[in-house]
Amino acid sequence: MKYNWNWGIFFEISPDGVHTYLGSLMFGMVWTLATALSAWIIALAVGSVIGVLRTAPNPWLARFANGYVELFRNIPLLVQMFLWYFVLPEVVPSSIGTWLKQLPNASFYTTVFCLGLYTAARVAEQLRAGILSLRSGQRMAGLAMGLTLPQTYRYVLLPMAYRIILPPLTSEFLNIIKNSAVALTIGLMELTAAARSMQEFSFQVFEAFTGATIIYIVINIIVVNGMRILEKRLSVPGYISLGKPAAAH
Amino acid sequence: MFSDFDWDVILRSLPYLFFDGMRFTLMLTALATAGGIVIGTLLALMRLSSFAPFSIVAGGYVNLMRSMPLVLVIFWIYFLVPYIGQWVTGASRPIQVGALVTCLVTFTIFEAAYFCEIMRAGIQSIPRGQTEAAKAIGMTYWQTMGDVILPQAFRNMIPVLLTQTIVLFQDTSLVYVISVTDFLGAASKIAQRDGRLVEMYLFAAVVYFIVSLGASIMVRRLQRRVAIVR
């Protein structure tokens, strides 16, 4: 393979004239993390509501929640991104459309919103599985003690369900970080886009992608270990052992 | 709002969307699934091997692929394959590689990591006693795997493998980043040529939705049937 390796490229000044290429990758990383974390907040909030509704006794609410999950799971993320970014401003009343188009950092807000609602469907799916994995006696006991249904969810079902689904939630969080790379198609300068632009300006293709790959791997390792610590902290003694679903009883 | 919605642009471009675009998408999905399952199964066997270098290499590969965004992998392969081609053929310059080959290589090696995890779970779901029994009646490793373990593991995992194929079908839309004309690529080319973003992207979303939902309903039915037989 004939390829002129030049690892020193990371310390050369990038086309913005101020920062090095390494610096521009770091900015990309910050955008990736900011996008993923903001979208994760939306995903957890919306996903929890939808997930709870899917197990709710009201069939219409459950149907609505199921429809939400099917809708967001069966359209590719990239297409959803285009719908929010290109289509939404055209189909809303023109004053709102113009406001949307002129929003500074529009691609960031679009990505956060799109990625949040997309991941919410996955969080909802996990949460439903977590709630259904609890024995039905827990719900009955809660209601029998005179808790209302929302209280039963709040104090009995959800605290256990969230602990059970912590491992799959970890992989959803890793997915949201990786999926934020799709935002480069609507012009967000996240990590993959930063590597791509470094490659375009410096012609050092493989150094740029190696840099981005290493950053993704490091983020991955940090998240996995952080969640493992969280899992240990939150585990209920004698009920849920690390990495395993609820103990049989 | 929808007053100037132009149905005609969709009708006009249907042949291009489906014969050029969707054909590419479906072909890529089918070939990458087949390749991904074969390589993924081999990776799973390596990962479960008691020979440490095998399991370390396979584990490292799977973890590497699973920590990278697909978009970045697409860029890697897009730029790497011409150099590998040059090295293999001994040409003097990086060789030109077609869109289908680039996409096929990308999706096969990327999805192999995910198929590996599915097949590993499938193999581990078969009771150990079966491996031991096969060994006890004198079967070799490949006979044990090929005739006893893998057929059952594969059968148990068919619904999960098909679900992953639906994910793969949706993921192929990301070849947009290297300007390949898959279904979404075709839709977006028309959209930009005719200035009809709303119509084309909504239509693309509807088609993806119908295909994926239909496929996942079929997988759910199949799952119920497989579950009853066992």
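## Contacts along chain B

Among contacts in chain B between residues at least 6 apart in sequence, those that join residues at least 24 apart make up 71%. The model described here is predicted.

## Make-up of chain B

Chain B contains eight helices and zero strands. In sequence order its pattern reads α-α-α-α-α-α-α-α.

The C-alpha trace of chain B spans about 75 × 55 × 25 Å along its principal axes. Chain B has 230 residues, of which 38% count as buried.

## Where chain B meets chain A

Chain B supplies 30 residues to the contact, and chain A supplies 28 residues. On the side of chain B that touches chain A, the elements giving two or more residues are helix 3 (70–89) and helix 8 (197–229) of chain B. Helix 8 of chain B provides the largest share of that side, with 11 residues.

By residue type, the side of chain B that touches chain A consists of 24 nonpolar residues, six polar residues and no charged residues.

## The largest nonpolar core

The largest nonpolar core holds 116 residues. Those that touch the most other members are Val79(A), Val71(B), Ile74(B), Ala187(B), Tyr201(B) and Ala204(B). Helix 5 (residues 106–133) of chain A gives this core its largest share, 12 residues. In soluble globular proteins, nonpolar side chains tend to be buried together.

Tyr201(B) is one of the core residues that touch the most other members. Leaving aside neighbours within four places in sequence, Tyr201(B) is in contact with Val79(A), Phe82(A), Leu83(A), Phe86(A) and Val87(A) from chain A, and with Ala187(B) and Ala191(B) from chain B. Two of these partners, Val79(A) and Ala187(B), are also named among the core residues that touch the most other members.

## Tyr16 of chain B

Tyr16(B) lies in helix 1 (residues 7–47) of chain B.

With neighbours within four places in sequence left aside, the contacts of Tyr16(B) are Gly21(B), Ala186(B) and Ile190(B). Pro94(B) stands 78 residues from Tyr16(B) along the chain, and the C-alpha atoms of these two residues are separated by 32 Å.

Key
Residues are numbered from 1 along each chain as its sequence is written. Chains are lettered from A and ligands numbered from 1 in the order in which they are written. This is a predicted model: local features need pLDDT of at least 70, side-chain atom pairs count only at pLDDT 80 or more; totals for chains, interfaces and linings use all residues. Two residues are in contact if their C-beta atoms, placed from the backbone, lie within 7 Å. Helices (H or I, at least four residues) and strands (E, at least two) are DSSP runs, numbered from the N terminus. Ala, Val, Leu, Ile, Met, Phe, Trp, Tyr, Cys and Pro count as nonpolar, Asp, Glu, Lys and Arg as charged, and the others, Gly among them, as polar. A nonpolar core is a set of buried Ala, Val, Leu, Ile, Met, Phe, Trp, Tyr and Cys residues joined through C-beta atoms within 7 Å. A residue is buried if 20 or more other C-beta atoms lie within 10 Å of its own, exposed if 12 or fewer, and partly exposed in between; C-beta atoms are placed from the backbone.
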